[in-house]
Amino acid sequence: MKKILVLEDEANIRSFVVINLNRAGYETIEAGTGEEALEQLRLNPDVRVALLDIMLPDMDGFEVCRRIRAGNSKIGIIMLTARTQEMDKVTGFMTGADDYVTKPFSPAELTARIDALYRRIGGDMMDDGEIQQPPFVLNTRKRTLEKNGQRIKLTQVEYSIMRVFMENPGKALSREEILDRVWGRDYFGELKIVDVNIRRLRLKIEDNVQNPVYITTVWGYGYKWGF
Ligand code: CA
């Protein structure tokens, strides 16, 4: 089932949204504060789209968006804005939102926008495949990695890196390419973040970190998955 997080502090608007999304076949997770939303996303890594209200009691929706993006670039984010918040739209896109819906909105409009976003981020969420490259198995539906049948705990970013690797076995990937595919093209950070995450990933998956054989370094270029 397609899971959506609905972050909205006004209970009547939230239940209006939830009822309509349920009717349209979506499973909803509800949150009334930014902290709650972030916690729910940690508990439900299979959420693919988040609807974020902007005016919230603890932090604003842009901050929530920024924090979500810091952890997982793949989730689709739609901001719920009020008509007077024209400037917010601009900021919303800069902090990594994919789309916005202006209040008041009709259920049909909202579900159409969500459906469109789902199609755009597509493929990824619809497959329930496994990529098997012994001793590793990557489950792309559950977003899990096993090595010799043992689950390896990964962050969302580490999972995304593993997926890029396992979809491109034996291919040298530049650090820029990994950054683009995992963090997204509009990520402002430094390339170093790739190295930091790969160092951590190696600690988790290599037999001997001093002599990595699964993720190998391609000097002056990037990394390669292959053994
Ligand atoms: Ca609000």
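This briefing describes a calcium site, a neighbouring loop residue and several aromatic contacts. The structure is a predicted model. Its calcium ion is coordinated by Asp9, Asp53 and Met55, and one aromatic cluster is made up of Phe136, Phe165, Tyr214 and Trp225.

**Calcium site**

- The donor atoms are OD of Asp9, OD of Asp53 and O of Met55, at 2.1 to 2.3 Å from the calcium ion.
- Along the sequence, these donor residues follow the spacing D-x43-D-x1-M.
- Aspartate 9 and methionine 55 link distant parts of the chain, being 46 residues apart.
- Aspartate 9 belongs to the loop between β1 (2-7) and α1 (11-23), whereas methionine 55 belongs to the loop between β3 (49-53) and α3 (61-71).
- Aspartate 9 has a relative accessible area of 31% and is therefore partly exposed.
- Methionine 55 is exposed, because its relative accessible area is 57%, and the cut-off for this class is over 50%.

**Proline 57**

- The loop between β3 and α3 also holds proline 57.
- With a relative accessible area of 59%, proline 57 counts as exposed.
- Setting aside residues up to four places away in sequence, proline 57 touches Asp9, Gly32 and Thr33; of these, Asp9 is a donor to the calcium ion.
- Between proline 57 and glutamate 8 there are 10.0 Å from C-alpha to C-alpha, although the two are 49 residues apart in sequence.

**Aromatic rings**

- The model has 6 aromatic pairs.
- Phe136, Phe165, Tyr214 and Trp225 together form one cluster.
- Tyrosine 118 has the charged end of lysine 2 over its ring, 5.0 Å from the ring centre.

Definitions and conventions. Residues numbered from 1 in each chain as written. Predicted model: local features only at pLDDT ≥ 70, side-chain atom pairs only at ≥ 80, totals over all residues. Heavy atoms only, no water. Phe/Tyr/Trp six-rings, centres within 6.5 Å; stacked < 30°, edge-to-face > 60°. Lys NZ or Arg CZ within 6 Å of the ring centre and 35° of its normal. Donors = N, O, S within 2.8 Å, 3.2 Å for Na, K, Ca; no water. Helix = DSSP H or I, 4+ residues; strand = E, 2+ residues; numbered from the N terminus. Buried < 20%, exposed > 50% of the residue type's maximum accessible area, 1.4 Å probe, protein only. Contact = heavy atoms within 4.5 Å.
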